[in-house]
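Please open the model in your viewer and keep the sequence panel at hand.

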Amino acid sequence: MFIKQLSIFIENKAGRLQDMLAILKDNDINLASLSLADTSDYGVLRLLVSDPEKGKEVLKAAGVSCRTTDVLAIKMAHKVGQLQEVLGIICEAEINVEYMYALATGKDEASIVIKPSDIARAAEVLKKAGASFVTQEDLANI
Amino acid sequence: MIWNESKECMSRDEMQALQSKRLVKAVNRVYHNVEYYRKKMQALGIEPGDIRGIEDITKLPFTTKDDLRDTYPFGLFAAPQSEIVRIHASSGTTGKATVVGYTRKDIDIWSECVARCLAGAGVTNKDTIQVAYGYGLFTGGLGAHYGAENLGATVVPMSTGNTKKLTTMMIDFGVTAIACTPSYLLHIAETLEENGDLDKIKLKAAICGAEPWTEQMRLQVEEKLHINAHDIYGLSEIMGPGVACDCIYHKGLHVHEDHFYPEIVSAETLEPVADGETGELVFTTLTKEGIPLIRYRTKDLTSISREKCECGRTTARISRFKGRSDDMLIIRGVNVFPSQIEAALLEMGGTTPYYMMIVDRVNNLDTLEVQVEVEERFFSDEIRELENLTKKIAHVIQQAIGLAVKVKLVEPHSLERSMGKAVHVIDKRKLV
């Protein structure tokens with residue numbers, strides 16, 4: 001139920017984001033979602049892609065600092081209070097959220113991507129609460 | 001292996017006697033053949049007869065790079081042009097180039113000294129060596145080349161500039177030794193690693209010089225390439241590479257003191273300091289004919305030991321350089337050596353990340369920014385972790401140099417690499 005996020009170190013310079021995306025495009029890697037965390041000097045580009053291992057390989061070959069990180073993508077209905085409910089489950093287990101961002105998965109539902117401080121336990125409590133997760137296969141087929 | 005046991009393993013007494021004999025001859029040579037030296041000695045009231053042995057060396061005047069510039073191009077030559085068979089010149093980043101000339105005997109002695117260094121690094125006539133220093137006016141290429149040929153090794157004169165060809169030949173020719181700058185060796189190692197070629201090479205020794213590097217950097221390259229990496233020292237004014245080199249025990253660089261007499265003096269008072277104390281390295285060439293130099297101030301800071309080495313050699317050893325007094329930066333009144341930044345970065349664990357120091361002056365205040373390439377092993381998907389990394393690097397550097405720095409993380413391979421001497425400092429203050 002963990003999915004692999006591709007994280008890329010990127011300098012805050014014109015054209016660098018475009019360069020990274022071009023490498024992925026040239027290798028036929030599809031993007032499902034992204035988030036960009038930035039500081040004044042650099043940023044971390046976090047991507048959910050169709051093939052994260054291949055993405056890592058081609059970026060590394062181009063001399064880019066990148067890694068894959070396990071994250072959870074939890075499916076939610078388009079309903080008021082859904083995200084709050086999901087976070088409530090995590091908070092109650094005293095798990096911290098390092099970062100999160102949204103993933104559009106369809107007309108009737110959305111997903112939230114979460115990097116919890118303790119991913120195994122987060123997955124366990126969410127599963128117990130009946131949550132369902134986006135899988136790596138789902139991402140490959142978006 | 002010891003190339004010249006009779007010289008490299010001499011007793012201290014024999015060595016002193018030899019040095020005394022040769023110094024007297026060298027002083028006579030410069031006094032009678034070089035007007036500049038004759039005038040300098042006369043101004044101090046010294047005649048060749050006052051120099052009876054090596055202990056009298058402190059009576060003699062020093063020579064500096066400025067003396068070479070003042071007498072540009074051939075003013076300090078002590079042999080007629082008909083005897084000069086080769087000219088080399090330093091890169092001369094400031095002012096005029098420093099020009100040196102060699103007689104045939106000078107070239108022979110140089111080749112002998114480089115052969116001693118290579119033998120000390122375990123290289124024999126069964127080895128194939130790539131010389132990846134620049135060939136030309138710079139002494140590195142031809143100096144290493146002649147020494148390796150003298151040893152009888154198979155020499156591949158690569159020069160610099162084409163790393164791909166170099167690594168291809170390194171694999172295809174089964175190259176076992178390489179002579180190049182340490183930063184270029186690191187670049188070669190990176191290239192081999194990126195191409196997955198590290199296990200295809202047969203390299204066993206590297207003889208690196210022409211720029212200061214740290215002990216950690218040496219160990220790093222040894223580990224990465226599974227080789228023995230040696231530090232060869234030299235300067236064109238004295239000869240070129242091969243003035244000194246470390247043996248397989250890596251406990252200081254053996255000086256070929258039967259040809260180059262080393263002294264360590266206080267950089268401030270110019271008085272000799274005791275063995276083991278750090279000071280400026282000064283050389284007197286004892287056998288050189290083309291351009292013999294008396295008490296040449298190298299600006300390199302080191303210390304000396306005259307204890308016998310485990311390898312059996314009795315020659316004096318100079319310790320790893322603490323820096324050059326002329327690459328010393330003064331930032332907000334603090335003396336900073338790039339080697340200190342390098343050593344600090346190595347404390348971060350593992351290998352040295354590539355770095356660049358940017359010195360600037362903002363509102364009349366010097367600033368130091370250190371740009372560090374974020375290699376994969378340092379990279380985290382969390383900003384908080386990267387910020388911690390930045391703080392940690394800044395802290396480690398501040399501890400080392402006593403000066404606050406701004407650390408900026410940059411992408412791998414984004415800082416400029418040089419094929420020759422590594423450039424780790426951009427001092428923007430000079431442009432103002």
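**Before selecting**

This is a predicted model, in which local features need pLDDT of at least 70 and side-chain atom pairs count only at pLDDT 80 or more, whereas totals for chains, interfaces and linings use all residues. Residues are numbered from 1 along each chain as its sequence is written, and chains are lettered from A and ligands numbered from 1 in the order in which they are written.

**Stop 1: chain A**

Select chain A and colour it by secondary structure. Five helices and six strands make up its secondary structure; helices (H or I, at least four residues) and strands (E, at least two) are DSSP runs, numbered from the N terminus. Starting at the N terminus, the order of elements is β-α-β-β-α-β-α-β-β-α-α. Of the 142 residues in chain A, 29% are buried. A residue is buried if 20 or more other C-beta atoms lie within 10 Å of its own, exposed if 12 or fewer, and partly exposed in between, with C-beta atoms placed from the backbone.

**Stop 2: helix α2 of chain A**

Next, select residues 52–61 of chain A, which form helix α2. Which residues of this helix are buried? They are Pro52(A), Gly55(A), Lys56(A) and Leu59(A). Seen down the axis of α2(A), these buried residues fall within an arc of 100 degrees, so they line one face of the helix; the arc is that of the directions from the helix axis to the C-beta atoms. Glu53(A) and Ala61(A), on the other side of α2(A), are exposed.

Just after α2(A), Gly63(A) has a positive phi of about 80 degrees.

From Gly55(A), turn to Asp28(A): the two are 27 residues apart in sequence and 9.3 Å apart in space, C-alpha to C-alpha. Asp28(A) sits in the loop between α1 (16–26) and β2 (31–38) of chain A. Asp28(A) counts as exposed because it has 10 C-beta neighbours inside 10 Å.

**Stop 3: helix α7 of chain B**

Move to chain B and select residues 163–172, helix α7, where Leu166(B), Thr167(B) and Met170(B) are buried. These three cover an arc of only 90 degrees around the axis, which puts them on the same side of α7(B). The face turned away from that buried side carries the exposed residues Lys164(B), Lys165(B) and Asp172(B). Among the elements covering the buried residues of α7(B) are β3 (128–131) and α8 (182–194) of chain B. Just after α7(B), Gly174(B) takes a positive phi of about 65 degrees.

**Stop 4: the nonpolar cores**

Select Leu118(B), Ile178(B), Leu185(B) and Ile207(B), which touch the most other members of the largest nonpolar core, a set of 91 residues. Such a core is a set of buried Ala, Val, Leu, Ile, Met, Phe, Trp, Tyr and Cys residues joined through C-beta atoms within 7 Å. Helix α5 (residues 104–120) of chain B supplies the largest share of this core, eight residues. A second, separate core of 49 residues includes Leu47(A), Val71(A), Val134(A) and Leu368(B).

**Stop 5: where the chains meet**

Finally, display both chains together. The contact takes 14 residues from chain B and 14 residues from chain A, two residues being in contact if their C-beta atoms, placed from the backbone, lie within 7 Å. On the chain B side, strand β20 (residues 406–410) gives the most, with three residues.
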